[in-house]
Amino acid sequence: DAVPGGVLAGPVASTDGSTIYVNGRDDKVWALGAADGKPKWSTPLKFLPQTSPSVSPEGLMITGGGPDAKLVAIRDRGDHADVAWTRDDVVPLTTSSQAGADVAYCVVQDGENGQALLVFDPADGRTVTSYPLPEATGWPVGVSVGHDRRVVTATSDGQVYGFEPA
């Protein structure tokens, strides 16, 4: 009952486990106390993320993706949240995978029907580079980053794309 209208996508815990972040069906991201489930704060997004947010060990949350989503970073300030930055020029289709303080990845819409792997700086949202996913069909299902910094993404139609670190 903490989030009016319910949630969409999976919950994500803060590094210390005290806060749970969820996307509400009310176009807001919510922070809930892990111990009691009570709302700590909510922040309007003006879009409905359909994938989970991601949270860095430093507490930077990047909202989830989906049709009409935006790439938005939020800082949890305890009793409220501050929007760190917003990108209106890309449509993230997956949850962003944060691979440290300097790099994050997500699959974005590329043109009308294409998809690309966006590499961006989570500190300010700027694009580092982008890699087209040739002939990608179906829905992108996520991005994984290995200990060796290799990046893999896949689509619901069974296509798998792998990238080696530069």
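Visitor: Hi! Which residue stands opposite Ala-104 in E10?
Guide: Gln-98 stands opposite Ala-104. Strands here are DSSP runs of E with at least two residues, numbered from the N terminus. This is a predicted model, where local features need pLDDT of at least 70, side-chain atom pairs count only at pLDDT 80 or more, and totals for chains, interfaces and linings use all residues. Residues are numbered from 1 along each chain as its sequence is written, and side-chain values use heavy atoms, with hydrogens and water left out.

Visitor: Thanks. How many bridges pair E9 with E10?
Guide: Two bridges, in the antiparallel sense, link E9 and strand E10 (residues 104–110). Two strands pair if DSSP finds at least two bridges between them.

Visitor: And what order do the strands take in that open sheet?
Guide: The order is E9-E10-E11-E12, with antiparallel pairing. E9 (97–98) and E12 (127–132) are at the edges with a single partner strand each, so one side of each has no neighbour in the sheet.

Visitor: Switching topic: how many helices and strands does the chain have?
Guide: The chain has zero helices and 15 strands. Its radius of gyration, taken over C-alpha atoms, is 15 Å. The globule rule (2.2 Å times the number of residues to the power 0.38) gives 15 Å for 166 residues, so the chain is as compact as a globular protein of that length. The C-alpha trace spans about 45 × 30 × 25 Å along its principal axes.

Visitor: What share of the residues is buried?
Guide: Buried residues make up 43% of the 166. Buried means under 20% relative accessible area, exposed over 50%, and partly exposed in between, with a 1.4 Å probe and protein chains only.

Visitor: Which residues have the most contacts inside the largest nonpolar core?
Guide: Those are Tyr-21, Val-29, Trp-41, Met-61 and Ile-74, in a core of 13 residues. Strands E3 (28–33) and E7 (71–76) are the elements that give two or more residues to this core. A nonpolar core is a set of buried Ala, Val, Leu, Ile, Met, Phe, Trp, Tyr and Cys residues joined through side-chain atoms within 4.5 Å. Another core, of twelve residues, lies apart from the largest one and includes Leu-60, Leu-71, Trp-85 and Cys-106.

Visitor: What does Trp-41 touch?
Guide: Leaving aside neighbours within four places in sequence, Trp-41 is in contact with residues including Tyr-21, Val-29, Met-61, Ile-74 and His-80. Contact means heavy atoms within 4.5 Å.

Visitor: Now Ile-62: buried or exposed?
Guide: Buried, with a relative accessible area of 0%. Ile-62 is in strand E6 (residues 60–62). Not counting residues up to four places away in sequence, Ile-62 touches Leu-71, Val-72, Gln-98 and Phe-120, among others.

Methods. Helices (H or I, at least four residues) and strands (E, at least two) are DSSP runs, numbered from the N terminus.
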